[in-house]
Amino acid sequence: MPKKLKRYGPPLLLISPSLVLVGVFVYALIIANFQTSLTDISSAPQTTGLAPHRIVWFENYINLFKSDAFQHSLKNLVLYTVTFLAGTMFLGFLWAWLLEKRDRFEGIFRTVFLFPMAVSSVAAGVIWRWLLNSNQGVRASGLNRLFQMLHLDFLQNNWWNNNSIGIMAIAMAAIWQLSGYVMALFLAGFRGIPDELREAARVDGASEWKLYRHVLFPQLSPVALSALIIIGHMSLKAFDLIVSISKPANYQTKVPAVDMYIFKSQYYYASAAAVGVILLAFVLVLIVPYLVRMAKKEK
Amino acid sequence: MSQSATLSKAALPAESKTLYDPAPAVRHKGKGFNWGRLVRYLLLLFFLVVVLIPVYVLVITSFKEGATASQAWYLPENWSLENWKAAWMGYKGLPAIGPALGRTVGMVVPAAIISSFLGSMNGFVLSRWRFPYANVVFTLILFGMFIPYQSVMVPLYQIVHGLGLPAGTPSLIFLHVVYGIPITTLIFRNYYESVPHELIESARVDGAGMLSTYARVVLPLSVPSFVVVLIWQFTSAWNDFLFALFFSSGNNGPVTLALYSMAGGSMLQDYGASMAGAIMASLPTLLVYILLGKYFVGGLMSGSVKG
């Protein structure tokens with residue numbers, strides 16, 4: 001035992017601050033949040049413990065799922081995620097494919113395609129709020145004005161200011177922000193394919209298209225899966241960009257992460273916590289298999 | 001010397017290395033005119049323009065004054081600095097970007113430095129001391145990187161207030177350090193896995209304890225990884241909005257919060273000033289991206305773990 005202690009004591013000591021912090025601020029807080037979600041804390045005195053609260057079990061969840069407002073948020077989240085995933089995967093893959101040859105100027109294109117990631121969502125929101133301005137006709141600015149100038153007036157629309165599909169306009173801004181990231185992932189995938197594979201296919205007389213279709217693309221499926229998981233879990237957390245383009249109080253563009261903020265600022269801590277648990281559950285479905293697969297690979 | 005060169009490459013995950021390697025000799029052989037290449041370049045140029053449209057809008061609008069909607073897409077008639085002044089100093093009771101930038105620097109720099117050291121210690125231990133269940137511990141730490149912070153926010157808010165941490169800079173430094181542990185640990189661990197074992201083993205044979213091995217041998221080797229992690233933490237703390245919204249306010253918060261209240265907090269719709277503010281708020285991270293892009297991508301790729 002002392003021998004083991006001597007061997008493992010110092011390293012454990014060195015990482016113990018981090019272990020404690022992660023233990024408390026990730027795991028213990030997830031549990032504490034779950035507990036709060038089972039209570040009826042919904043007023044300022046209750047949040048500070050001045051007024052008593054009681055356990056209502058899953059009532060908050062039931063009420064959430066029964067409410068039209070939260071169903072609207074969930075529907076928005078699905079629409080947002082589908083649009084965002086489809087857009088980033090398509091553009092990211094296309095850009096990587098176009099740049100895969102290492103032509104001249106490749107670095108410039110790559111740098112430009114990736115730069116929106118270095119900009120904060122709030123700053124991006126300022127621009128896209130302008131671009132997606134819902135005014136039309138003489139008062140139009142942003143994209144609607146651009147459509148007029150290009151004589152494409154029929155394309156003018158309300159953008160995010162539409163109750164049923166407005167959230168897809170915000171997904172456009174998110175696609176602008178993150179397609180470059182997916183491109184970088186796919187580009188790394190392309191570059192990771194051994195040159196011998198290409199050579200062998202060429203020797204066999206495969207045409208350029210067949211080389212891609214049957215040899216190179218299949219090699220990219222693990223990258224595509226990772227990209228889907230990473231982008232998908234980002235989409236579930238989306239908040240900054242949405243509230244910067246629209247506003248937290250706007251019904252049109254509500255998603256669960258926005259609900260959580262509104263509940264919290266109105267002292268509905270129990271409902272805020274319940275929304276947090278629901279979001280965590282969504283993320284777990286995506287991330288746990290991913291982490292387990294990775295941990296197995298390590299061995 | 002040559003060793004430090006190989007190490008500085010090893011700091012970047014394999015993917016970004018291949019991204020930044022100089023083009024090999026497999027370039028397309030020039031067989032005269034090539035239609036495929038022409039189409040490729042045309043498509044690339046088209047997308048380049050599309051991606052840059054928001055930048056054009058941002059810049060021209062920030063220099064406009066009193067322009068009407070019909071002039072929205074044209075260059076300013078007279079270039080004016082009024083918006084820049086208004087954004088920097090604040091106007092009509094809205095938060096000023098200037099002082100917020102100062103506060104952001106004061107928050108981001110300590111946060112990035114502290115997280116780097118924590119990450120380096122963790123990465124060193126987890127890659128070199130295979131204590132029982134080290135991999136499980138590593139995976140449990142990594143998990144913290146993926147959680148939606150909404151799922152801990154309510155109790156987190158209560159704890160941070162309970163601890164008496166002042167809102168604004170102190171709270172935000174603390175939060176960025178704590179929630180930066182997973183990604184910084186990951187980057188350093190992967191780096192130390194790639195450092196030749198013999199280097200560290202020889203120090204141990206010399207009888208150096210773990211702490212002195214870390215300080216004398218490992219730390220000096222870690223410079224490239226520190227650059228990746230510092231840049232990563234700098235950028236993510238700088239661009240953070242969620243924690244800023246919950247744990248600070250207009251007069252003690254970072255620049256993202258000031259910009260947010262400026263752009264959306266009023267009904268003014270004074271786009272010129274918010275656009276000038278957005279440029280000011282983005283320049284630091286953009287400069288880092290342009291000047292140190294390789295390291296930025298290094299952090300980005302490790303964030304994706306491995307496929």
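Predicted model: local features only at pLDDT ≥ 70, side-chain atom pairs only at ≥ 80, totals over all residues.
How many of the 12 residues of helix 10 of chain A are buried? Point 4 below returns to this helix.

1. Confidence. Chain A has a mean pLDDT of 92, and 99% of its residues reach 70 or more. Among the elements of chain A, the lowest mean pLDDT, 87, belongs to helix 9 (residues 195-203). The highest, 98, belongs to helix 3 (residues 59-66) of chain A.

2. Make-up of the chains. Chain A contains 14 helices and zero strands.

3. Overall form of chain A. The radius of gyration of chain A is 24 Å, whereas a compact globule of 299 residues would have one near 19 Å. Along the principal axes, the C-alpha atoms of chain A fill a box of roughly 80 × 75 × 30 Å. Of the 299 residues in this chain, 44% count as buried.

4. Helix 10 of chain A. This helix covers residues 208-219. From its first C-alpha to its last it reaches 16 Å, close to the 16 Å expected at 1.5 Å a residue. The number of buried residues among its 12 is zero, so helix 10 of chain A lies largely in the open.

5. Helix 7 of chain A. By contrast, helix 7 (residues 142-149) of chain A does have buried residues: Gly142(A), Leu143(A), Asn144(A) and Arg145(A). Helix 6 (121-131) of chain A is included in what covers them. After helix 7 of chain A comes His151(A), which has a positive phi, near 60 degrees.

6. Contacts along the sequence. Take the contacts in chain A between residues at least 6 apart in sequence: 68% of these join residues at least 24 apart. In chain B, residues 24 or more positions apart account for 77% of the contacts with a separation of 6 or more. Buried residues make up 49% of the 307 residues in chain B.

7. A buried residue in chain B. Phe234(B) is part of helix 11 (residues 223-239) of chain B. Why does Phe234(B) count as buried? Phe234(B) counts as buried because it has 24 C-beta neighbours inside 10 Å, where the cut-off for a buried residue is 20 or more. Leaving aside residues up to four places away in sequence, Phe234(B) touches Val108(B), Ala112(B) and Val288(B). The C-alpha atoms of Phe234(B) and Met107(B) are separated by 9.6 Å, although these residues are 127 residues apart along the chain.

8. Where the chains touch. The contact takes 82 residues from chain A and 75 residues from chain B. On the chain B side, helix 3 (residues 35-62) of chain B provides the largest share, 11 residues. The residues on that side of chain B divide into 51 nonpolar, 20 polar and four charged.

9. The nonpolar core. The largest nonpolar core has 171 residues. Which residues have the most contacts inside it? They are Ile170(A), Ala184(A), Phe186(A) and Leu259(B). Helix 8 (residues 167-192) of chain A gives the most to this core, with 18 residues.

Methods
Residues numbered from 1 in each chain as written. Chains lettered and ligands numbered in written order. Contact = placed C-beta atoms within 7 Å. Helix = DSSP H or I, 4+ residues; strand = E, 2+ residues; numbered from the N terminus. Nonpolar A, V, L, I, M, F, W, Y, C, P; charged D, E, K, R; others polar. Rg over C-alpha atoms; globule rule 2.2 N^0.38 Å. Core = buried A, V, L, I, M, F, W, Y, C linked by C-beta atoms within 7 Å. Expected span 1.5 Å × (residues − 1). pLDDT = per-residue confidence, 0-100.
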